[in-house]
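Morning, everyone. I will take one model today and go through its aromatic rings, its ligand and a couple of backbone details. Here it is.

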Amino acid sequence: MKHLFYLNKFFWKYRILLAIGTVFIIIANLFALYPAEFVRKAFDAVILSMNTGNTSSTSKILVKYGSLIVLFAVLKGVFMYCMRQTIIVISRKIEYDLKNEIYQQYQALSISFYKKNKTGDLMNRISEDVSRVRMYLGPALMYAINIFILFFLVISKMLTISTTLTFYVLFPLPILAISVYFVSNTMNKRSEKVQAQLSDITAVAQETFSGIKIIKSFSNEYNALEVFMNSCKSYTKRQLELVKIEALFFPLIISMIGVSSVLTVYIGGIESFKGNISTGNIAEFIIYVNMLAWPVASIGWITSLVQRAAASQERINDFLLLTSDVENKITKHTPISGDIIFNDVNLRYTDTNIQAIKNLSFTLKEGETLGIFGKTGSGKSTIANLVCRLYDTTTGSVSFGNTNIKNLNLNSLRRAIGYIPQDGYLFSGTIRENIAFSSDTIDNHKTIESAKKADILDEINDFKDGMDTIIGERGVQLSGGQRQRLAIARTFYKNPKLYIFDDCLSAIDATKEQRILNQLRLESKDRSSIIISHRISTLKEADKIIVLDNGKIIETGSHNELLNDKGFYYKIYQIQANKES
Ligand SMILES: Nc1ncnc2c1ncn2[C@@H]1O[C@H](COP(=O)(O)OP(=O)(O)O)[C@@H](O)[C@H]1O
Ligand SMILES: [Mg+2]
């Protein structure tokens, strides 16, 4: 239960609506209560007139009570509508708040959080778990208040009529509540299994559709079908198990209500023979029993809703109460220097325990270009991660000018950096939107200029819709080189203080590559840039090149100096030069 306390702040936020909702519940219940009394009065009037033989006014009395019952039913309906409109609306509002809060938290958390948690889990927290919590905030709360008020009103009314009868009539109800609790618990468990299997079917189908090219070319359709069929088969099995228990639900409630009604008539009959109550009271009691039965049944249901919500909220809190590994301590904007200093930096990735960077020191002066060269897995991208502060160093420091990176505002830092990762991820949408990703408004002229600088404008113009071409799923398929160049155009549009090209020219041919690099040189004349590559041709113009191996710098110098050293760089240069010629 304590996990649900987190939600109290939302109740407090909507306290006025909540209070109004409670008033509506009370009024609705009052209108539900009185018709039972009218029935009794009508009953007694009829019996009296039969006994006395004076039937002249009976029909008048019946019409009066009949109309009152209808009127009260209508009024009850109106207030029940109002109560749903307040309490259920509150739950939707809190659902909205909570979803946004979780989403904001996700965005604030560091990359390592995403490495540790599966995307499916993140999605479940924000969709399924929030929905379950909403069931607690809305229906569970509403019915709980309702039951509380109804019990108070109905039982106190019953007690004023007959204590004995009240006792016998209420006797089967706790049994009903407990059995409904067990039934609905089992129902929930089974329906969760059904849901899980449904996700499995979706996942299987999704994978098949994504890999349809491979499946067809391997002529593997039958196997794919078999996997799908098996998944469907166990879905059906689970669904049938659920149906079995669901089938129990209503008969159980109906039979318990039946037992109570029989008791009412039997005990009521005896009592009325004794003259303790009137015949009309029996009819009145039957109505009370029916009024109580559903709420009692729903106690079991509510309990299991609350339990599920608590489990969900616990999972949500696991994420909500996390603090990011990369903390943004500085709230106000900080200027970012173009000098970058790595001082004896070590980085061990906590999730894989790989020491990706070892005792690394170097300095990059504003306006200079740093080349980083090394084999796959040597730690090149890790340096980019550290410069963008996607990760913090394990020991040692990264500084911009005289300021440690940890004392820079994270937003200022990242706004100043134009980072292009190897797999230049593009969002679904138009090419224009992708290029102008860094700003809220799209500057068409700048978009075209950036595309030109990234040497992709001609190809964009060749598309039927030009800049408005949709990319991503159901859009045009771009080649690897086109993607990389769009990612580069996106960064040129951003016009950052520091460029980081992380192996993002690998799928681009040599002439285009040189044109883009020339452009980069122009753009970053008085700014710093870092170019990461495993191709020497990409780096050779850099002011300084560091050669990495296994997270350590093994050589450093300009292209010519490194060639003169005749070391690792020189060896690779010869291999690559031979390949190209
Ligand atoms: N986010 C990460 N979490 C854990 N380990 C990582 C992560 N990124 C890279 N590594 C590991 O760190 C080492 C260096 O990787 P990386 O910097 O990507 O090399 P490069 O860019 O030179 O290919 C590799 O062994 C890689 O498996
Ligand atoms: Mg890399």
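Rings of Phe, Tyr and Trp, the last by its six-membered ring, count as a pair here if their centres lie within 6.5 Å. Keep in mind that this is a predicted model. With that rule, there are 26 aromatic pairs.

One of them joins Phe24 and Phe79, with ring centres 6.0 Å apart and 45 degrees between the planes, which makes the pair tilted. Where do Phe24 and Phe79 lie? Phe24 is in helix 2, residues 15–52, and Phe79 is in helix 3, residues 58–108, so the pair ties together parts that are 55 residues apart in sequence. Phe24 counts as buried, at 19% relative accessibility, and Phe79 is buried as well, with 18%. Because the cut-off for buried is under 20% relative accessible area, Phe24 at 19% and Phe79 at 18% both fall on that side of it.

The second pair I picked is Tyr349 with Tyr391: the centres are 5.0 Å apart and the planes stand at 80 degrees, so the pair is edge-to-face. Tyr349 belongs to strand 1, residues 340–349, while Tyr391 sits in the loop between helix 11 (380–387) and strand 4 (395–400), so parts 42 residues apart in sequence are tied together. Tyr349 is buried at 14% relative accessibility, and Tyr391 is buried at 11%.

Back to Phe24 and Phe79: which aromatic cluster are they part of? The cluster is formed by Phe24, Phe31, Tyr34, Phe38, Tyr65, Phe72 and Phe79.

Now the overall layout. The domain assignment gives domain 1 as residues 2–320 and domain 2 as residues 340–580. The centres of domain 1 and domain 2, taken over C-alpha atoms, are separated by 57 Å.

Next, the ligand. There are 15 residues around ligand 1, and the ones that come nearest are Gly377, Lys380, Ser381, Thr382 and Tyr391. Tyr391 is the residue from the edge-to-face pair; a polar side-chain atom of Tyr391 lies 2.9 Å from a nitrogen atom of ligand 1. On the backbone side, a polar atom of Gly377 is 2.7 Å from an oxygen atom of the ligand, and a polar backbone atom of Ser378 is 3.2 Å from an oxygen atom of the ligand. Ligand 1 on its own has 550 Å² of accessible area, of which the protein covers 76%. Which elements give two or more residues to the shell around ligand 1? Those are strand 2 (354–364) and helix 11. Helix 11 gives the most, with three residues.

Last, charges over rings and the backbone. Arg15 lies over the face of Trp12, 4.1 Å from the ring centre. Lys566 has its charged end over the ring of Tyr570, 4.8 Å from the centre of that ring. Lys566 also has a positive phi, about 55 degrees, although it is not a glycine. Most residues other than glycine have a negative phi. Lys566 is placed in the loop between helix 19 (559–565) and helix 20 (568–580), and at 54% relative accessibility it counts as exposed.

Asn495 is another non-glycine residue with a positive phi, near 55 degrees. Asn495 is in the loop between helix 16 (480–494) and strand 9 (498–502). Is Asn495 buried, partly exposed or exposed? At 39% relative accessibility, Asn495 counts as partly exposed.

That is what I have.

Note on methods. Residues numbered from 1 in each chain as written. Chains lettered and ligands numbered in written order. Predicted model: local features only at pLDDT ≥ 70, side-chain atom pairs only at ≥ 80, totals over all residues. Heavy atoms only, no water. Phe/Tyr/Trp six-rings, centres within 6.5 Å; stacked < 30°, edge-to-face > 60°. Helix = DSSP H or I, 4+ residues; strand = E, 2+ residues; numbered from the N terminus. Buried < 20%, exposed > 50% of the residue type's maximum accessible area, 1.4 Å probe, protein only. Lys NZ or Arg CZ within 6 Å of the ring centre and 35° of its normal. Domains from an automatic or database assignment. Near = heavy atom within 4 Å. Polar contact = N/O pair within 3.5 Å; in protein donor to acceptor, adjacent residues only side chain to side chain. Areas by Shrake-Rupley, 256 points an atom, 1.4 Å probe, with all protein chains shown as cover.
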